[in-house]
Amino acid sequence: MKYLKPVLIGVCAIFVLSPLEAFSAKAPQTPQMLTKRCLNCHQKYKDMEDILTGTIKSRSNKAKSIQVTIDSRMQVVKYMPETTIKNVPGIKSLKEPMPVRIHYKRVGEDLVATDIVVKPKMEVPKEQLMSVEELEKLVALGPEKGGYTLVDSRPGIKYKAEHIPTAISIPFPKMKEMKGKLPKDKNQLLIFYCEGMR
Amino acid sequence: MAARVAAKLGYTNIKVFHAGVPAWASAGNVLLTTSDFVDKRMGYIVLLDSRGPEAAEKGHIQGAVAIRLEDIVREKYQFPVDRKAYIVLYSQDTNLPGLAPIVKEVSTWGYKHVYILDGGYAGWMKKDGAIQKGMVRTKIYYLPRPHPGEIVGDEFMNVANSKPADKLILDVRSKAEASMGMIDGAVNIPVDDLQTRLVELPKDKEIITHCVTGLRAEMGYSILRNGGFKARFLNDKVAIIDNRLYCCFK
């Protein structure tokens with residue numbers, strides 16, 4: 001639930017070369033490797049070396065490469081038969097827009113993945129889970145008759161593009177400042193949803 | 001996780017629809033979109049005014065096509081070939097019960113983005129969205145939104161034929177694939193080797209990558225952009241038979 005998928009607004013629209021580069025031929029390039037949103041919860045990633053985090057954009061079997069979206073940038077990473085894949089059955093399961101953490105090594109100029117860790121599903125206590133059928137029944141009744149508040153926890157831009165009927169938008173990072181939008185009655189049925197994982 | 005935060009805020013009856021939006025949609029349920037989204041995507045969207053031409057002439061969302069709700073399914077042949085097209089139906093208000101069956105039907109034709117406009121025409125007016133009065137279109141037309149970095153097929157063909165001095169076509173297929181035939185004047189660097197061989201490429205030319213489907217071309221484009229090159233990629237299917245270029249299929 002807390003993982004909020006970055007919006008895929010095309011690619012590198014804001015790529016600008018540092019003006020410094022015009023003066024020093026070997027300006028150190030440190031491209032962004034960590035999607036900002038991941039750092040909301042995983043501060044430790046900042047201190048880890050040779051990792052990148054983002055969402056899968058595409059995979060080419062012919063090039064043995066995957067492409068990862070890191071905010072507004074894209075990064076190509078190669079993989080090998082030895083690359084381990086966690087939390088999905090295999091490399092073929094990697095699809096846009098799965099959130100991943102990739103541990104890599106540098107081979108020459110290339111980045112080669114050693115471990116690809118797909119973000120695991122959130123653990124939700126069984127008694128809290130709601131099925132699609134239950135939600136369908138409630139939405140058909142509407143919030144008043146159904147006595148519920150349905151909250152879309154994804155980023156506002158995702159809500160604007162598409163949302164479940166009768167939902168209101170409260171992006172997860174803004175929950176505390178937007179708590180006024182939650183029902184006053186603390187015993188009312190409150191349902192959260194997000195992008196869902198696979 | 002949102003549910004935990006809500007519990008801390010004192011809520012006692014919390015549920016999580018864990019499967020989320022994709023599961024909701026794949027179970028055959030409709031999704032709503034918003035005026036903000038329609039406004040942002042204006043021009044690259046099929047916007048259907050289900051109130052019909054008469055009502056629409058009195059005022060409709062800019063760019064809308066008026067087809068009465070009960071006629072929409074009959075007009076199937078008018079819908080775009082591109083199944084990724086964004087299709088938005090609206091009525092006077094949200095009108096979920098009226099529009100939902102039609103949206104479901106249109107979705108079964110293979111369209112991946114079919115929505116009902118939340119708030120309908122009234123909601124659009126409230127947001128001061130652009131409207132038109134009088135004449136309204138009754139025929140569907142659709143323009144796909146170009147992705148950043150993509151070169152359209154026609155322009156690619158022109159570059160391939162006229163070989164302008166400020167552009168270079170980079171074939172990022174494997175050596176084996178390229179040995180079967182290449183576009184005249186193109187340079188082959190397999191995408192696997194591209195990162196290492198960037199030095200071989202000119203920084204003063206725009207580099208246009210192609211492969212067979214667009215998948216590796218896009219990867220090549222990313223590598224070039226990260227390396228500070230001016231680049232675009234062809235996101236179409238390409239075949240080169242007897243050194244003749246056959247392009248560009250979606």
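## The interface between chains A and B

In this predicted model, 51 residues of chain A are in contact with 49 residues of chain B. On the side of chain A that touches chain B, the elements giving two or more residues are the strands β1 (51-60), β2 (65-70), β3 (73-78) and β9 (189-193), together with the helices α1 (132-146) and α2 (156-161). The largest share of this side, five residues, is contributed by β9(A). Sorted by class, the side of chain A that touches chain B holds 28 nonpolar, 13 polar and 10 charged residues.

Strand β9(A) also takes part in strand pairing across the two chains. Four bridges link β9(A) to strand β1 (residues 14-17) of chain B, and the two strands run parallel. Within this pairing, A:Leu190 stands opposite B:Ile14 of β1(B). Strands of a sheet pair through backbone hydrogen bonds, in either a parallel or an antiparallel manner.

## Overall form of chain B

Chain B contains 10 helices and 15 strands. Its radius of gyration is 24 Å, well over the 18 Å that the globule rule gives for 250 residues, so chain B is more spread out than a compact globule. Along the principal axes, the C-alpha atoms of chain B fill a box of roughly 60 × 55 × 30 Å.

The domain assignment divides chain B into domain 1 (2-132) and domain 2 (150-249). The centres of these two domains, taken over C-alpha atoms, are separated by 38 Å. Of the 250 residues in chain B, 41% are buried. Among contacts in chain B between residues at least 6 apart in sequence, 62% join residues at least 24 apart.

## A parallel sheet in chain B

Five strands of chain B form an open sheet with the order β9-β13-β12-β10-β11 and parallel pairing. Its edge strands are β9 (150-151) and β11 (187-188) of chain B, each of which pairs on one side only. Strand β9(B) is joined by two bridges to strand β13 (residues 231-234) of chain B, and these strands run parallel. Here B:Glu150 has B:Phe233 in β13(B) as its bridge partner.

Two helices that pack on this sheet can be described in turn. Helix α7 (residues 153-162) of chain B touches β9, β10 (167-171), β12 (206-210) and β13 of chain B, and its direction makes about 100° with that of β10(B). Helix α10 (residues 215-226) of chain B touches β10, β12 and β13 of chain B, with a direction at about 175° to that of β13(B).

## Backbone features

Most residues other than glycine have a negative phi, and most peptide bonds are trans. A cis peptide bond joins A:Glu96 and A:Pro97, with omega about -5°. A:Pro97 is found in the loop between β4 (84-86) and β5 (99-107) of chain A.

A:Asp50 is not a glycine, yet has a positive phi of about 55°. This residue is placed in the segment before β1 of chain A, and A:Asp50 counts as exposed because it has 12 C-beta neighbours inside 10 Å. In chain B, B:Asn95 likewise has a positive phi, of about 50°, although it is not a glycine. B:Asn95 lies in the loop between β6 (86-90) and α5 (96-108) of chain B. With 18 other C-beta atoms within 10 Å, B:Asn95 is partly exposed.

Terms used:
Residues numbered from 1 in each chain as written. Chains lettered and ligands numbered in written order. Predicted model: local features only at pLDDT ≥ 70, side-chain atom pairs only at ≥ 80, totals over all residues. Domains from an automatic or database assignment. Contact = placed C-beta atoms within 7 Å. Nonpolar A, V, L, I, M, F, W, Y, C, P; charged D, E, K, R; others polar. Pairing = 2+ DSSP bridges. Axes fitted to C-alpha atoms, helices over the stretch in contact; angles between N-to-C directions. Buried ≥ 20, exposed ≤ 12 C-beta atoms within 10 Å, placed from the backbone. Rg over C-alpha atoms; globule rule 2.2 N^0.38 Å.
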